[in-house]
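Dear colleague,

Please find below the structure that I am handing over to you.

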Amino acid sequence: MKKIIILCVILMASIGVVHAFDYTYFPTATTDDFLATKVNPAALSFGNASGVGYLHSFQDKQMQKNWALFLNFKDFGYCYEKMDSTELHTLSDGFKLMKNVYFGTDYNWKPAGFWKGDWGLYMLSRPWDFLSVAGSWRNISKDYESYTIGVGLRPIRVKGRFCYKITLTCDVTYSNNKWRKPIAGIQTQFLDGINLNGYYDFENEGISLGVGFDISHFKTGAQYSDKSKSGMVYGNISKKRYHSFLTHEKQNKFYDYKLSGIVYDVRPTQKFGPFEFVSSSGNTMEEIIEKVETLKNDNRIQGIVFQSGNLIAGLAKFQELQDAFIDFKSTGKKIVYYYDYITNSNYVFASSIADKIYLNPGGILDLRGISASIPYIKSLLDTLGIEVIRFQSHAYKNAANTFTETHMTEAEREMYEDFLSELYAQMVLMISEGRNMTAEQVRIAIDNGPYLLAERALKAGLVDGLIYRDQLEDTLKSLYEDVQITEQYKIPENRIDWSDDPTAKIAVIYAIGFIHSGESAPGKSIGDKTYMKAVEQARKDPSIKGIILRIDSGGGSSLASENIYREVLLCKEGDNKKPVVASFSGVAASGGYYIACPSDKIFAEPTSVTGSIGVIAAVPNLTKLFKKIHINWDTVKEGRNADFASTSRPMNDEEKKMITESVSAEYKDFVGKVAKSRGMTYEEVDEVAKGRVWTGTRGLEFGLIDAYGGMKEAVDEIKKLANIEKDVELVAYPKKKSAFSIKLDMDNTGINLNDLPKEIRILVKKIQESTFYSEERILYLMPYIMPDILE
């Protein structure tokens, strides 16, 4: 790129800075490069115009003192023209009005009369790849305003698409109260990078011929008119690379993918008035999968190398990402890992997709299986004088046990052991298939971990070599024929197509975090008011053909869950029927499962957490605490239950009976709704419900989900249910309202919980969770610990 810039500067200098420019022979419907600033500013927003350009005129084979400089950015352009002793400035901007329709304006003025300048309005429409239509209204504020209508046509079709090799153009202008005869032309690019054109002006009976060359990011050429015996030469350095047979780039490169941090479904967001602060740390699932797809289709890239980046994600997210990377490898491309230190879950993931794994000779491989650690603080609460009275539909519904037990109950232990056994089997399977080891060999290797000495990991067959980081590139070259590691991702190229393919819109509504009443905290919690509005908007929007619920939630408020359930159910009733598909991320249990069950189809990964169909309630009794700190309470009331479940006195039997009956009724309603939605009997659901948590594997076996898969499978199912044959566009709901969106590294603005010891982090999150539900006592909530058992 630097060489190209130097070449351009030399070219400009050799021409020298020494007749007004006539842009008549540049068609309004097809000029979308740097000249769009002067020809049709609407084309600025098409995406090909960014960069620096230079024009210089000549007359009778002699260079003139007329030149122009272009500085273009995305949607904005500036041109300075020097014509003998006259100067002219032009500011232009363009924006995309809708798909394949662009609008633009410009303002031209001379240095001594800014307020006496000329306005222009412009339009560009490219509904299909073979047709481009443009219009302009120039000199709006003057008596000599003019109008131009332009058309571009690509008549040749190759492999199902209209080809850019030949383009026919025609421009007709109305000025001085009459229509001028048209200017018709042809543009050719039989060889990519060599541009030839010719135009005939029927009004002046003149011919204009042009030639241009594209090399990488540089474009140069000349245009000549026989009538005036004048023309111009030009040079352009584009932000994007031109398509050219003259551009050659080394193919066998490994992309250095710096992937680390939290893997989100949607980035956490915090709103302050018109401002929206979005977390810039980590990556979203969509970003990673889209990038892997781009790398798969990039012929320069022969592989991906990861260097010491550990992701923070649940096993279900890793399995969904595994599918994307396996698809990348299906093209014959390779994946290599290098680590100084690799965590337990990251090794499971890396081993399932990598062709080679290398470890620093002094590095650590922290493979050690999975465990569930649950804090019990009843003894602490007893010391403080706090009693938590628990109501649960079944013994497996144990989300409140942290506050009511001193140790794990038998029902808890049974559920955790069964659940961990399922996850462990998936963990062993991922390693054994990726490393070509038997299941027994993997189990032995796990039992012998963690590997604090790198030599032990090598002997166990868990890594392929011990090398230092500076040896990595040479190691890759010895394996894969002189490869080169690059950090350059997706070189942007100028568009050669004209139109964006027609798409069908599918709404994606994210349900991340605990469910509660009120407004959501995007990426952190699910407020029923926000979520119901999002589903309603998508349901009533005629452009939306289907809805995907992307869920990563362990539940929460039963009332909020009921409200969301009802709104989802409405998608299957009335005048706004639309297919709904649920895609489970890491967790969709209890209330998270409740809001999903009306969906037409449910997809989950084998290790997704689901089920936990049950109900709990918890009421604190602070009588002893108040006594300890010498606070006395007296009550005056009208109505027998005016102080129902007051924390300042013990609950009476009637109150306990009312809450118990409510929990029992809520459970029956929960099971009944699941049975109706899933086409099962009440007894069939009850048998696998009772508050018990299941993996996606067991969920499929019991009929709680329909198939394994992630977002890709959910999109495919929506297309099938809605009879969509074209490509789809995923639209996030609710739609953003903030005027300004600012990315901020929110993880570095205070204490990052992920940096705390696991046991402390779990306890802090458990306490944070309890603040979500205000006065709501009946909850559809799973045990909090489930998402954190594999690290």
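Two strands are said to pair if DSSP finds at least two bridges between them. In this predicted model, strand β1 (residues 51–59) and strand β2 (residues 62–73) are joined by eight bridges and run antiparallel. Within this pairing, Gln59 stands opposite Gln62 in β2. The two strands form a hairpin with two residues between them; Asp60, in the turn, has a positive phi of about 50°.

Strand β1 also pairs with strand β17 (residues 230–238): nine bridges join them, and they too run antiparallel.

For the protein chain as a whole, 20 helices and 43 strands were found. Of its 791 residues, 51% are buried. The accessible surface of the chain comes to about 36,600 Å², and carbon and sulfur atoms account for 56% of this area.

Among the helices, I would draw your attention to α4 (residues 315–329) and α5 (residues 344–353), whose axes come within 9 Å and cross at roughly 25°. Since angles under 35 degrees count as roughly parallel, α4 and α5 are therefore roughly parallel to each other. Their crossing is right-handed. The residues of α4 that make the contact include Leu315, Phe318, Leu321 and Phe325, while those of α5 include Val348, Phe349 and Ile353.

Yours sincerely

Notes: Residues numbered from 1 in each chain as written. Predicted model: local features only at pLDDT ≥ 70, side-chain atom pairs only at ≥ 80, totals over all residues. Heavy atoms only, no water. Helix = DSSP H or I, 4+ residues; strand = E, 2+ residues; numbered from the N terminus. Buried < 20%, exposed > 50% of the residue type's maximum accessible area, 1.4 Å probe, protein only. Areas by Shrake-Rupley, 256 points an atom, 1.4 Å probe, with all protein chains shown as cover. Axes fitted to C-alpha atoms, helices over the stretch in contact; angles between N-to-C directions. Parallel < 35°, antiparallel > 145°, perpendicular 65-115°, else oblique. Left-handed = near helix turned anticlockwise from the far one by under 90°. Contact = heavy atoms within 4.5 Å.
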